[in-house]
Amino acid sequence: MAADDLPVLIVGDVHGDIERLAAALQPYPASEWRTIFLGDLVDYGMFGVGCLRYARDRQNTDVILGNHEVAMLWALQDPTRIGFFISIGGHQHDLDELRADEPLQEWLKTRPLMIKLRDGTLVQHCGNDDYRMLLGNYESDPVNAINSKASLVLEAGDAHLLWEVMSGKGVFATQPERLERWLQHTGCRRVVFGHTPHRNAVPARYHGGKAINFDGGLSRSHRMYRRGAPLAASVAPLED
Ligand SMILES: [Mn+2]
């Protein structure tokens, strides 16, 4: 079966906790699911690059970029940003490992910022519409345009431009008009995102399910980790 025909499994921010990631994926064999990682696999936990490799090598799997991957690429391109990268939870050993693995860098730099699924679901890291800053005035296919722009920016060594786009606060939970405009602009019926931990037992749904947050604070090393945060708050099938 092609990955496109499989049911979709969403994985929210993993942040280096490869043990909890493995536990969360245990009920979902790779061959039976199309797995989509929402970005932020690195930082806080000790196994950020390990999580990237795990996701890259998992069958039927897509990975989109989070702001923490962008910060890591930025630190890689500009050593004066290493302190900043460490200050947001980054680890020197992860940076060293990424530096030594050029194929992994290349893979990371060519990941999309968003994916539009056949059912009209938009998948992106941040719960806001700041991605529009990457768009020109008359883009007929905004999702594709944003992804192409992001790859060009990273290839040119300008990761900082993406950091500006991706470090803002989520707004979809609280600003339904902006959500509605973004859905209209991208031609989607709902948006799935991570980036800001919610406190639910399952992914947090807003505005009748038009916006769904899958960042359940999976990583025990995250500064906002809450003891007992259920795995299913971050890793769950995308329902119809
Ligand atoms: Mn995050």
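Modeller: Gladly! Bear in mind that this is a predicted model.

Biologist: At what angle do H3 and H5 pack?

Modeller: The angle is about 70°, and the axes are 10 Å apart. Angles of 65 to 115 degrees count as roughly perpendicular, so H3 is roughly perpendicular to H5.

Biologist: Which residues of H5 are buried, and which are exposed?

Modeller: In H5, residues 92-99, the buried ones are Asp94, Leu95 and Leu98. They cover an arc of only 100° around the axis, which puts them on the same side of H5. Gln92, His93, Asp96 and Arg99 are exposed on the other side of H5.

Biologist: What do the buried residues of H5 pack against?

Modeller: Their partners are helix H2 (48-57), H3, helix H4 (82-87) and helix H6 (102-109).

Biologist: And how do H3 and H8 cross?

Modeller: The axes of H3 (residues 67-77) and H8 (residues 159-166) come within 9 Å and cross at roughly 155°. Angles over 145 degrees count as roughly antiparallel, so that describes H3 and H8. Their crossing is left-handed. The contact includes Val70 and Trp74 of H3, along with Leu162 and Trp163 of H8. Its residues divide into eight nonpolar, three polar and no charged.

Note on methods: Residues are numbered from 1 along each chain as its sequence is written. This is a predicted model: local features need pLDDT of at least 70, side-chain atom pairs count only at pLDDT 80 or more; totals for chains, interfaces and linings use all residues. Axes are lines fitted to C-alpha atoms, for helices over the stretch in contact, and angles run from 0 to 180 degrees between N-to-C directions. Helices (H or I, at least four residues) and strands (E, at least two) are DSSP runs, numbered from the N terminus. Angles under 35 degrees count as roughly parallel, over 145 as roughly antiparallel, 65 to 115 as roughly perpendicular and the rest as oblique. A crossing is left-handed if the near helix is turned anticlockwise from the far one by less than a right angle, and right-handed if clockwise. Two residues are in contact if their C-beta atoms, placed from the backbone, lie within 7 Å. Ala, Val, Leu, Ile, Met, Phe, Trp, Tyr, Cys and Pro count as nonpolar, Asp, Glu, Lys and Arg as charged, and the others, Gly among them, as polar. A residue is buried if 20 or more other C-beta atoms lie within 10 Å of its own, exposed if 12 or fewer, and partly exposed in between; C-beta atoms are placed from the backbone. The arc is that of the directions from the helix axis to the C-beta atoms.
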